[in-house]
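Please read it alongside the sequence and the coordinates.

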Amino acid sequence: MRRLPIAFILAIFLPLICACGDEPRDYGDFLTDIVTYEGSSDDGTAMFSFQSRDDLPLQRLASSIKLPSDIVAGQRCLLRYTVVDNLADGTRQVRADGFAIIPTDGARKAPHSDMSTFPETEISVTSLWRSGTFINLNGWLPYSGKNYQLMLVADEQTLGSPTIEARIVYNTMGAQTLFDRRVYASFDVSALWSRATCRRLSIGIADRTFVFEKKLTAQAKKNEHRRRASNRCPPPVLYNL
């Protein structure tokens, strides 16, 4: 089996604002979404975008949140926020109540003969959903306290087929696991989803299979046109292991 090259550090979703004292507190109406960091404006306002599910319209958020200095455009993040204003261009001004960078990777490919040799480390899936050209994972992983590998790998043999078969692979790198910990992760599958022959994406996780059907709606075509026209979105790349 080939050595898997990408190692991620577990991302923990920590609220930025915590309640203190014994008095009851009204937390208000907040939302939580997996978003893409698009960069910051000249005044330091952080810009995010996301599609909540499937091919729903792209939404944009602006926040004065202070971000880590090493964050780069394209990074996927878990954002808990409260809407404070709706701007004229459709962007929503938000107050960030919680923020975490999450594991982000592009789709990878491997020979068919390798697909059955990857580690079968259990992932307890709370939810797996598509938002635009991203597959998002919310679940629990056995945590070792060290680096690990988390990837979405497509079977090369199926790349030209109507059904592209892939797996989400989790590798603890041989380390002893200590306990289960929640993980959020996001995989850019545009290199798979944008293929003309692709009609569905079948993703295996341990002994479960999730199938995402492509619906060529007008909104889906509009979203793809916007994605290709954006200078922040290079042509999709299918990575080798």
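How much space lies in the largest cavity? The volume of the largest cavity is about 40 Å³. This is a predicted model, in which local features need pLDDT of at least 70 and side-chain atom pairs count only at pLDDT 80 or more, while totals for chains, interfaces and linings use all residues. Residues are numbered from 1 along each chain as its sequence is written, and side-chain values use heavy atoms, with hydrogens and water left out.

**Cavity and pocket**

A search of the whole structure finds one cavity of 30 Å³ or more. On a 1 Å grid over the protein atoms alone, a cavity is a set of points where a 1.4 Å probe fits but cannot get out, whereas a pocket is an open set with protein on both sides within 12 Å along at least five of seven lines; lining residues have an atom within 4 Å of a point. Grid points are joined across faces, edges and corners, and a volume is the space filled by probe spheres set on the points.

The lining of the largest cavity includes P119, E120, R167, I168, Y170 and A206. β12 gives the most to this lining, with four residues. The second largest pocket holds about 200 Å³ of space, and among its lining residues are M47, L58, R60, D89 and R92. Two elements, β4 (59-63) and β6 (92-101), each give two or more residues to the lining of this pocket, and β4 gives the most, with three.

The table sets out the residue classes of the two linings.

**Nonpolar cores**

A nonpolar core is a set of buried Ala, Val, Leu, Ile, Met, Phe, Trp, Tyr and Cys residues joined through side-chain atoms within 4.5 Å. Buried means under 20% relative accessible area, exposed over 50%, and partly exposed in between (1.4 Å probe, protein chains only). The largest nonpolar core has 30 residues, and L128, L152, I168, L192, L201 and I203 are those with the most contacts inside it. Elements that each supply at least two residues of this core include β9 (124-131), β12 (163-171) and α1 (190-193); the largest share, four residues, comes from β12. Leaving aside residues up to four places away in sequence, L192 touches A107, L152, A154, L159, I164, C198, L201 and L238. A second, separate core of 15 residues includes A46, I65, A96 and F99.

**Chain and backbone**

The protein chain has two helices and 16 strands, assigned as DSSP runs numbered from the N terminus (helices H or I, at least four residues; strands E, at least two). Of its 241 residues, 46% count as buried. Among contacts (heavy atoms within 4.5 Å) between residues at least 6 apart in sequence, 69% join residues at least 24 apart.

Most residues other than glycine have a negative phi. D54, although not a glycine, has a positive phi of about 55°; D54 lies in the loop between β3 (46-50) and β4. D54 counts as partly exposed because its relative accessibility is 37%. A206 also is not a glycine and has a positive phi of about 55°. The loop between β14 and β15 holds A206, which is partly exposed at 33% relative accessibility.
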